[in-house]
Amino acid sequence: MLERIHTVLGFDYGLKRIGVATGQRITATAAPLNALAARDGVPDWAHVETVIKEWQPHALLVGLPLNMDDSESEISRLARKFARRLEGRFALPVFMVDERLTSRSARELLADIGERRKGKLPSLDSTAAVLMVEGWLSAPSLEYKP
């Protein structure tokens, strides 16, 4: 299956915003897209559909926010629910990706970039999605399904 996955969209799930990044396997790199607004974790599904149609990914990745002891929380359950809805609505394979510490790493990265460059930076949520996607692209795991 992995050989058929060339491009992916990654979602860093959140209750107010869902970070989005697009990635491709050739260089194992990702780029941030505009974060999606969410209301209690529910995005505007028409907007999600627009993004998926525009980028035409072969698979979708959803960050799984695990605790440091590998346990899951309420937000983990909601991220899995979001992943199942993506899979059901868009008939694409969806993989859960351990995204521990991506928000912290994204915050540090944006602070470092911001000190060196003025101008618009990507959102924290979409930067976290980039880190999650690049991590998965460098070591793809097909074991996490929603």
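Helices (H or I, at least four residues) and strands (E, at least two) are DSSP runs, numbered from the N terminus. By this assignment the protein has 4 helices and 6 strands. From the N terminus on, the order is β-β-β-β-α-β-α-β-α-α. The model is predicted: local features need pLDDT of at least 70, side-chain atom pairs count only at pLDDT 80 or more, and totals for chains, interfaces and linings use all residues. Residues are numbered from 1 along each chain as its sequence is written, and side-chain values use heavy atoms, with hydrogens and water left out.

Burial was assigned from relative accessible area (buried, under 20%; exposed, over 50%; partly exposed, in between; 1.4 Å probe, protein chains only). Buried residues account for 42% of the 146 residues in the protein. Accessible areas come from the Shrake-Rupley method with a 1.4 Å probe; for residues, only the protein chains shown count as cover. The protein exposes about 8,100 Å². Carbon and sulfur atoms supply 52% of that area.

Two loop residues have positive phi. Asp40 is not a glycine, yet its phi is about 55 degrees. Asp40 sits in the loop between strand E3 (29–39) and strand E4 (42–43). Its relative accessibility is 68%, so Asp40 counts as exposed. Ala91 is also a residue other than glycine, with a positive phi near 50 degrees. The loop that holds Ala91 runs between helix H2 (74–90) and strand E6 (94–98). Ala91 has a relative accessibility of 72% and therefore counts as exposed.

Aromatic contacts were examined next. A pair of aromatic rings is described by the distance of the centres and the angle of the planes. Rings of Phe, Tyr and Trp (its six-membered ring) pair if their centres lie within 6.5 Å; planes under 30 degrees apart count as stacked, over 60 as edge-to-face and the rest as tilted. The count comes to 5 aromatic pairs. One of them joins Phe11 and Phe82 in an edge-to-face arrangement, at 5.7 Å centre to centre and 75 degrees between the planes. This pair links distant parts of the chain: Phe11 lies in strand E1 (residues 7–12) and Phe82 in helix H2, 71 residues apart. Phe11 is buried at a relative accessible area of 1%. Phe82 counts as buried at 3% relative accessibility.

The rings of Phe95 and Trp136 have centres 6.0 Å apart and planes at 25 degrees, so this pair is stacked. Phe95 belongs to strand E6 and Trp136 to helix H4 (residues 124–138), so the pair ties together parts 41 residues apart in sequence. Phe95 is buried, with a relative accessible area of 2%. Trp136 is buried, with a relative accessible area of 2%. Ring pairs also link Phe11, Tyr13, Trp45, Phe82 and Phe90 into a cluster.

Helix H4 also holds Ser126. Ser126 is buried, with a relative accessible area of 0%. Its side chain reaches the backbone oxygen of Leu33 at 2.6 Å. A polar contact is a pair of N or O atoms within 3.5 Å; within protein, one must be able to donate a hydrogen and the other to accept it, and residues adjacent in sequence count only if both atoms are side-chain atoms. Not counting residues up to four places away in sequence, Ser126 touches Gly19, Val20, Ala21, Pro32, Leu33, Asn34 and Ala35.

Definitions and conventions:
Contact means heavy atoms within 4.5 Å.
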